[in-house]
Amino acid sequence: MFRSVALAGVIALALGPTSRPADQSRRVDLESGDCSSVNVQFGDYETARATQRGSAPVGGSPLEIRPDTNGGVRVERGAGRNYDITACIAAGARSLADAQAAADSVRLVVEGNRVRVTGVDGGRARNWSVQLIVLAPDGASIDAETSNGPIGVHGVSGTFVLRASNGPIGLEDVGGKVQARASNGPISVDGGSGQFDIETANGPIQVRLPGQRWDGHLEAHAANGPLTVSVPTGYQSGVEVSSSYNAPWSCRAQACRDGNRDWDERTRSIKIGVDPVVVKLSTVNGPVTITER
């Protein structure tokens with residue numbers, strides 16, 4: 001379905017203030033959730049766009065987000081008390097009329113705590129994509145899963161369960177409790193607090209540690225993928241980085257020279273900072289790179 005497609009900038013979706021819910025029966029032009037930064041191209045096909053919007057109350061159950069195949073999710077901190085959801089829709093076809101008809105056929109469906117995308121006209125569209133922008137208040141609880149699409153969470157605190165297949169997961173300035181799993185895709189973490197449980201299968205992990213400490217606990221494991229860690233000089237929280245024995249290492253930070261190394265017949269590891277260890281990072285069958293931030 002998704003041939004000759006380049007998805008550029010979908011992780012860096014731009015957001016704006018919230019406004020009223022969408023009329024699901026027609027295309028809705030948004031002034032709040034800005035879809036202009038969602039740069040989707042479909043090779044030589046004509047590309048058309050449409051926008052839908054909905055909202056959901058913050059309740060006891062997590063907001064369950066399931067964009068269709070090739071869809072992505074971006075979560076940002078919102079000013080309201082509800083979840084405000086914008087669907088940035090793109091479709092490609094041989095004629096602009098067919099592309100627009102396909103884009104206009106898409107519906108953002110919000111039922112209780114469930115967010116879905118339906119109604120794509122596969123007969124007209126050669127390719128299509130829906131990127132969901134979610135404005136969430138602090139204390140949000142979100143369960144998001146994508147296939148062939150990215151997940152990005154930025155500047156919000158809450159509880160997040162995230163799964164991506166053949167797509168990246170990006171976490172920047174996120175607090176709270178996070179469980180993230182990526183298959184055949186990378187995970188990046190940039191922040192300094194939270195209870196994080198991170199795993200990739202056949203994908204890299206990149207961790208950037210700003211400031212001087214991690215408030216909480218971060219554990220990340222890559223299977224068959226590289227591990228890259230950026231640690232500031234004088235980082236005070238305990239950090240342990242380990243790998244299988246045959247993994248190549250590149251360690252250019254002062255922390256590597258000051259840290260405690262433990263090399264044996266099965267594993268390689270280094271401890272940086274002071275006990276207790278609150279950041280624990282590992283890889284099996286992947287190289288390790290440690291740099292200064």
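Student: What makes the disulfide of C35 and C88 left-handed?
Tutor: The torsion about its S-S bond is about -75°, so the disulfide is left-handed. Keep in mind that this is a predicted model.

Student: How do you know that C35 and C88 form a disulfide?
Tutor: Look at the sulfur atoms. They lie 2.0 Å apart, S to S. The cut-off is within 2.5 Å, so a pair of cysteine sulfur atoms at 2.0 Å counts. By this rule the count comes to one disulfide.

Student: What makes this pair a link between distant parts of the chain?
Tutor: C35 and C88 are 53 residues apart. C35 sits in the loop between β1 (6–8) and β2 (39–41). C88 belongs to strand β6, residues 83–93.

Student: Is C35 buried or exposed?
Tutor: Its relative accessible area is 19%. Buried means under 20%, so C35 is buried.

Student: Why is C88 called buried?
Tutor: C88 has 5% relative accessibility. That is under 20%, so C88 counts as buried.

Student: Why is C251 called partly exposed?
Tutor: Its relative accessibility is 24%. Buried needs under 20% and exposed needs over 50%, so 24% falls in between and C251 counts as partly exposed.

Student: Where is C251 found, and which residues does it touch beyond four places away in sequence?
Tutor: C251 is in strand β21, residues 249–251. Beyond four places in sequence, it touches C256 and I290. The C-alpha atoms of C251 and T291 are separated by 6.3 Å, though these residues are 40 apart along the chain.

Student: Which residues have the most contacts inside the largest nonpolar core?
Tutor: They are I142, L162, L171 and I198, in a core of 63 residues. Another core lies apart from it and has eight residues, among them C35, V38, V40 and I133.

Student: What does I198 touch, leaving out residues up to four places away in sequence?
Tutor: Its partners include L171, V178, A180, I187 and V189. R181, E219 and H221 are also among them.

Student: How many helices and strands does the protein chain have?
Tutor: It has two helices and 25 strands. Of its 293 residues, 47% count as buried.

Student: What share of the contacts with a separation of 6 or more joins residues 24 or more positions apart?
Tutor: Such residues account for 58% of those contacts in the protein chain.

Notes
Residues are numbered from 1 along each chain as its sequence is written. This is a predicted model: local features need pLDDT of at least 70, side-chain atom pairs count only at pLDDT 80 or more; totals for chains, interfaces and linings use all residues. Side-chain values use heavy atoms; hydrogens and water are left out. Buried means under 20% relative accessible area, exposed over 50%, partly exposed in between (1.4 Å probe, protein chains only). Contact means heavy atoms within 4.5 Å. A nonpolar core is a set of buried Ala, Val, Leu, Ile, Met, Phe, Trp, Tyr and Cys residues joined through side-chain atoms within 4.5 Å.
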